[in-house]
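I opened the notebook to record what I looked up, one item at a time. The entries follow the order in which I checked things.

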Amino acid sequence: MSVEGGGTAAGDVRLPKPMKVKSKQPAQRQITAEQILREAKEIQLEDDFKAPKTIITDPQELAEYRLRKRKEFEDTARRVGRWNHSIWIKYAHWEESQKDFRRARSVWERALDVDYTNTNFWLKYAEMEMRHRFVNHARNVWDRAVSLLPRIDQLWYKYIHMEEMVKETAKARLIFDRWMAFEPDHACWMAYIKFELRYDEVERARAVFERYVEVLPSVKAWVRYAKFELQHNDVSRARTCYERAMEALGEDSHTVRHSLQECLAGLGAGPPSVTDEARISLVLEKDCAST
């Protein structure tokens, strides 16, 4: 059936006129799809890049948002979580921002299953617990950390610092004792001694010094011990320290000479005794003979 008049049929679609390409020569600068994706990714990784802020007021919409974000994190963790450890930190921090601490702990535990030797995992896990005042949870994390990684001094320092913050000096002292059983370096022993002196526990500090010079019988340890006695106005104990150092350090004349010089420099309150002068003369004679 025909339609009178000049109108078009209802089913006809008028298409735009095709454009003619002016030049079919290849462009001087070729841009591939891979390059476009890479540049877009680099823009997202820039420090000043901020995702658009989303304001959610509906509980159902919030639940959908959380479900979507968790799926994104889970997919990323499944793909690259074994070698890119930062994804676990971002995932746990996001759960913490949602105030879902049970899920945040679950993420940290999964991260530790991937690599329990990663110190950063332990530090951030415990700091999360401390930040929200979950002291017992934090204590549990620190205890596991120092048990699995006893040679990482930072973990011990942080653990002790937390106990001091909550005024648990007795527990901090027990942690120090556990730490010293692994015979750490000089700085760790001095940290224990300074801890005792902060609470005016001079006798306890002296007992720590005794263990210190026994575990690390060196000039540094003995000199520190003697200076400690001098600071507490006990010259006789300081002299005894250097006499014991002479016996403990053996026949190393340079080492003994240095310790005696430190002794006389510290004993400025009075002249050296005849015994000290005799010992110095003997050491100097041995030193000259050896050279």
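**Entry 1: Arg173**

I began with Arg173 and listed what it touches: Tyr192, Phe195, Glu196, Glu201 and Arg204, leaving out residues up to four places away in sequence. The model I am reading is a predicted one. I found Arg173 in helix 8, which covers residues 169-180. Is Arg173 buried or exposed? Its relative accessibility is 14%, so Arg173 counts as buried, the cut-off for buried being under 20%. I also looked up its distance to Ile160. The two C-alpha atoms are 8.2 Å apart in space, and the residues are 13 apart in sequence.

**Entry 2: the whole chain**

I then stepped back to the whole chain. How many helices and strands does the protein chain have? I noted 14 helices and zero strands. Of the 291 residues, 33% are buried. I also looked at contacts with a separation of 6 or more, and 45% of these are between residues 24 or more positions apart.

**Entry 3: helix 5**

At its start, a side-chain oxygen of Asn118 comes to within 2.9 Å of the backbone nitrogen of Asn120. After helix 5 comes Arg133, and I noted that its phi is positive, near 65°.

Which residues of helix 5 are buried? I wrote down Thr119, Phe121, Trp122, Leu123, Tyr125, Ala126, Met128 and Glu129. These buried residues pack against helix 3 (86-97), helix 4 (101-114), helix 6 (135-148) and helix 7 (153-165).

**Entry 4: helix 3 against helix 5**

I reminded myself that two packed helices are described by the angle between their axes and the distance between the axes. For helix 3 and helix 5 the angle is about 5°, and the axes are 11 Å apart. Angles under 35 degrees count as roughly parallel, so helix 3 is roughly parallel to helix 5. On the helix 3 side, the contact is made by Trp88, Ile89, His93 and Glu96. On the helix 5 side, I listed Asn120, Phe121, Lys124, Met128 and Arg131. By class, this contact has four nonpolar, two polar and three charged residues.

Glu96 lies in helix 3, and I checked it next. At 9% relative accessibility, Glu96 counts as buried. Setting aside neighbours within four places in sequence, I found Glu96 in contact with Phe101, Ala104, Met128, Arg131 and His132.

Glu95 is also found in helix 3. Glu95 is buried, with a relative accessible area of 1%. What does Glu95 touch, not counting residues up to four places away in sequence? I recorded Arg70, Asp100, Arg103, Ala104 and Val107.

**Entry 5: two loop residues**

Last, I looked up two residues in loops. Lys167 sits in the loop between helix 7 and helix 8. Its phi is near 65°, a positive value in a residue other than glycine. Lys167 has a relative accessible area of 70%, so I put it down as exposed.

Asp200 is in the loop between helix 9 (186-198) and helix 10 (202-215). Phi of Asp200 is positive too, near 60°, and this residue is not a glycine. With a relative accessible area of 66%, Asp200 is exposed.

Definitions and conventions. Residues are numbered from 1 along each chain as its sequence is written. This is a predicted model: local features need pLDDT of at least 70, side-chain atom pairs count only at pLDDT 80 or more; totals for chains, interfaces and linings use all residues. Side-chain values use heavy atoms; hydrogens and water are left out. Buried means under 20% relative accessible area, exposed over 50%, partly exposed in between (1.4 Å probe, protein chains only). Helices (H or I, at least four residues) and strands (E, at least two) are DSSP runs, numbered from the N terminus. Contact means heavy atoms within 4.5 Å. A polar contact is a pair of N or O atoms within 3.5 Å; within protein, one must be able to donate a hydrogen and the other to accept it, and residues adjacent in sequence count only if both atoms are side-chain atoms. Axes are lines fitted to C-alpha atoms, for helices over the stretch in contact, and angles run from 0 to 180 degrees between N-to-C directions. Angles under 35 degrees count as roughly parallel, over 145 as roughly antiparallel, 65 to 115 as roughly perpendicular and the rest as oblique. Ala, Val, Leu, Ile, Met, Phe, Trp, Tyr, Cys and Pro count as nonpolar, Asp, Glu, Lys and Arg as charged, and the others, Gly among them, as polar.
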